[in-house]
Each structure stands twice: as structure tokens, then as C-alpha cells.
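I keep these entries as a record of what I looked up in the structure below. Each entry takes one topic.

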Amino acid sequence: MKSWKNKIGVLAMIVAMAMMLAACGAPSSEKLFSSFEQAASTESAAAAAFEELKQLESRDQKQYDTILDKGERSNVNVQTLITQTMSTLDQRQQAMTKVKDKVTAAYEHVAKAQSQVDKLEPAQGKEQAAQALTAYTKRYETVQQLAAQYEKLITAERALYEQLKAEQTNLKQLQQAVRERNQQWTQVNQLKQQFNQYSEQFNTNKDAFYKAAGIQTDKANSSK
Amino acid sequence: MVRVDSRRRNQRKKWILRIILLALLVGIGFGVYTVGKQLWAHDGISTTSKQGQHVVTSVAAFDTVTKEKQSPTMYNGMKRKVAYLTFDDGPNSHTPEILRILKEHNIKATFFMLGNSMQQHPDLIKQIVDEGHYPALHSMTHNFTKLYRSGSANNFIEEQKEAQQLVKEATGVTTNLIRAPYGSAPQIKEPFRDDIAEAGFKMWDWTLDTLDWNYAKNPSGMLDEVKRGLKKDTEVILMHDRKQTVEILPELIEYISSQGYEFEVYDPNAHFVVNFHHDERL
């Protein structure tokens, strides 16, 4: 019994030593490269959601214009179109949630990368790596806000379509619903632009870091 | 003798077992080391291409395909006629009277203010905003040569930004709505508009001009202009903070109301295009 305990102890030590060896084996720049690229690669699964969101938003815009155009005389003519358009609101929310989930999952790969940045020498692109990490962290934080704000936009969109659909609707109420929707949209748009800026900063700074660290790269891929 | 043989056999077995166990441990250790190295260094994904170069993935950005939705003026058999009263060149000594008349009629209006006038009357900018009117911009100087003859949009944009800052300092509101002095046509061409759009401004001209500058001694001429021009479902009516405007404003309001119009104030969340070039960006 005692000898089996010893054997398990020896085995555990070997495993631990091997892992420590492996961990110490790669330089910080390689580990950071791995973290950044694993994050970007994880996000590539969200490419379809980004595209879906674009398509759905574009279709919504066209259908809204058609509803106003064909509903000028009577909204009876556009009841089906309004119902159809409303049904895609959930899909838009789901697509945004998918994007948020993928970015959140991807962020796990870089969440603890600061210690690796700290170990870098300035000549190894420490500053660029730090900037890339900051941009990615802010981008992650922005997508959390964006997803929450998008939910408010969808609520406002739904209220607007409900108004357009109602038999007793009036133009003053419609105008109020449009204002509310546009207010939410403005905030969503600002957050999207902020997210895009951080995306660009991350891509640019990580490329600069790879260059400074002497990591040869092949820009064949994009997550979108 | 049998016992000695049995002990030897047992010892041999033990040695064999020890060697197998050691080999097993070394094998497991090496395996864990290799996997661990991959996990730490490359995280289990292939990031190296055949040429020894690392494959890099860029992260994605959003497409911003949507825009503000327009408020309908006709829908479900209903028609809404809306008039936007707009006042240029203030604030000045006539502005308090205009504000008083608007308050009396419970109407909110849009004021395109000049920076140089705002510097003299910061209290009026605040009053305009506090009473629910919209503060918009009309440059600092209104100087045609400076604004349009320099060869670029720089002076124009700089003046609007300066005026924007004055409104912000006085009220805390950041307004992006501008009106070009003398209107946007013909002097504001496409490259000029590119720069205005790039700077983030929205630009309103007007749909109905009261020509108040022409009726200093005959304010009722302004009413005639309105009677002649009031036709569209949505009218943006141009006036200035002047004596004749103060004199005729109550009658103008009464006439416009009598034609079935409701009054609205500019709302950035319900922006619509009102420029002579029909430039959708503005």
C-alpha cells in the first residue's frame, strides 16, 4: 500500500516537473503570440454572426422604408410585412449575443497575459504588446456594453413596429417611437464604432509587436 | 534449494516490474512535457505555416449599415403637417421678445446662433436651451469671404467648431446642427460638403424663406411670403432675430396653425435632410 503511494507521488512529481519545464520552455513573446492568436482564432467562429447581423440590419432598414411607403393609406396593407420584420428582431439579438459570447470566450486566452507582457524587454516589443493587450481588453469591455445596449435598441424597435401595426396608431406617437428608437440606435452606433477602433488598434499593435519580437508572420487569415 | 530459486525468480520479477514502471514514468513524463509545451507555447493550435512563418488572424469589426429611421408624416391614412420655426443670427436684443412670444404659444423653435453674438449674450444661450428650444450653429463671423473664399472648408469648419464650443460651455449641450451663412447653395460644393460630413455636422437650409431682411419697414410682407410659400407637409421656415420678426411673429404663428400645421423643434434623434443639395450625409 505504502509502495503504491510512493509510486503515485513519484508520478505526480514527474508530471509537475514536465509541466513546469514546458511552461518555462517557451519565451514570453511566443506565449503572448499564442495567446493573441488563439483569441483571434476563437473569434473567427463569430464571423457568421457578424455577417448575419449586417444582413439582418440591412434588411430591417429596407423593410421599414417599405412599410412606411406601402402603409401610407392604410396599415392593413403592411400587417404581414410588419410581423415578418418583427420576427427578425429576435434573430438580431441572438446574432449580437453570439458575437458577445465568442469575444468573451476569446478574451479568456488573453485575460492573464499581462504577466507575460511584464516579462518582455522593451526591444522585444513590450510597448506594442501592452497596447495590443489594452486594446483587446477595452474591446472586450465594449462588447459587453454593446450587447446590453443592443437589447434596449431591439426593445425600442419592437415598440416602433407595434405602433406601426396598431389600428389606432397616430403620427405623434409614431414620431415619439421613432425618436426613442433613434436615441438607442445612436448609442449602439457609438459603441460599434468604439469596438471597431479597438479592433483596429489590437490588429495594428499585435502586428507591430510580432515585428519587434522577430516573429515571422503570414497574414493569410482574418476572423471575418 | 526450491526456496532460493523462488526468491531469485521473485527478485527478477521485481526488477522487471521496476524497469517497466520506470519506462512508463519516463514515457508519461515525456508525453506530458510534449503536450504541455504545445499547450503553453502554441496552445494546441497550429500557428506555423509550412515556410516556418506564423499564421496571423485579425479580429473583426462591425459593419455599420443602419442609420436613423425617419418619422413618417403620412401613415395609415393620416397626414401630419409640421412647421419648424428657425431663427438665425442671434442671440441679440430681440431674442428675449421672440422667446416670450414662443412661450406664450407653447412653441419650441430652433436657433442658429452666431458665435460673436453668443459671446456677448451667454445668458441667452442658456435661456434658449432651458426653455426647450434647440441650440444650433451659424458660424462665428458670418463673413462670406472668410468662410467661402479661402479655397477650403477649413475656416468654415473651424468657426462652426468654435461656436459649438461656446454652446457647450454655456449649456453643456453638444450640438452638431449647423446652417451655412447665406445658405449652402451655390457656394458649398461637394468637396466642401465632404469635409462638413467628415467633421460630423448635420446641415439644415430651409424650405420657406420669410425674406425678413427685405421687410424691415413692412413686417406684413413676411406674412405674405409665408402665405405664398406654405405648401409642403414639412416646412422649415427661415427667420432672423430682428425687430420685424418680433412684430409679425404672433400673426405668423396664428396663420401657420390655421393651415393645420403643428410646430416642432429640431431633434437630433429625428434628423431629416433639409439641404439644397439633397446631400443625404447632412
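Which residue in β5(B) is the bridge partner of Asp88(B)? I found that Phe112(B) is the partner.

Conventions. I note that this is a predicted model, in which local features need pLDDT of at least 70 and side-chain atom pairs count only at pLDDT 80 or more, while totals for chains, interfaces and linings use all residues. Residues are numbered from 1 along each chain as its sequence is written, chains are lettered from A and ligands numbered from 1 in the order in which they are written, and side-chain values use heavy atoms, with hydrogens and water left out.

Entry on strand β4 of chain B. I looked up the neighbours of β4(B), which spans residues 81-88. Helices (H or I, at least four residues) and strands (E, at least two) are DSSP runs, numbered from the N terminus, and two strands pair if DSSP finds at least two bridges between them. β4(B) runs parallel to β5(B), residues 110-113, with three bridges. The chain passes from β4(B) through helix α2(B), residues 95-104, to β5(B) in a right-handed β-α-β crossover. Right-handed here means that, with the strands pointing away from the viewer, the path from the first strand over the helix to the second runs clockwise. I also found three parallel bridges from β4(B) to β11(B), residues 261-263; there Ala83(B) is opposite Phe263(B). Seven of the eight residues of β4(B) are buried, so this strand is largely enclosed by the rest of the structure. Buried means under 20% relative accessible area, exposed over 50%, and partly exposed in between (1.4 Å probe, protein chains only).

Entry on strand β10 of chain B. I counted seven bridges between β4(B) and β10(B), in the parallel sense. Val82(B) is opposite Thr234(B), and Thr86(B) has Leu238(B) as its partner. β10(B) also has two parallel bridges to β9(B), residues 208-209, where Leu208(B) is partnered by Ile237(B). Helix α8(B), residues 220-229, forms a right-handed β-α-β unit with β9(B) and β10(B). The buried residues of α8(B), among them Met222(B) and Leu223(B), pack against β9, β10 and α9 of chain B. Contact means heavy atoms within 4.5 Å.

Entry on the cores. A nonpolar core is a set of buried Ala, Val, Leu, Ile, Met, Phe, Trp, Tyr and Cys residues joined through side-chain atoms within 4.5 Å. The largest one has 48 residues, and Phe87(B) and Phe156(B) are among those with the most contacts inside it. α9(B) gives the most to this core, with six residues. A second, separate core of 36 residues includes Leu146(A) and Tyr75(B).

Entry on chain A. I found seven helices and one strand, and 45% of the 224 residues count as buried. I then examined Thr85(A), which lies in helix α4(A), residues 79-107. Thr85(A) is buried, with a relative accessible area of 0%. The side chain of Thr85(A) reaches the backbone oxygen of Leu81(A) at 2.6 Å. Not counting residues up to four places away in sequence, Thr85(A) touches Asp60(A), Gln63(A), Ile67(A) and Tyr161(A).

Entry on confidence. pLDDT is the predictor's confidence in each residue, from 0 to 100. Chain B averages 88, and 89% of its residues score at least 70.

Conventions:
A polar contact is a pair of N or O atoms within 3.5 Å; within protein, one must be able to donate a hydrogen and the other to accept it, and residues adjacent in sequence count only if both atoms are side-chain atoms.
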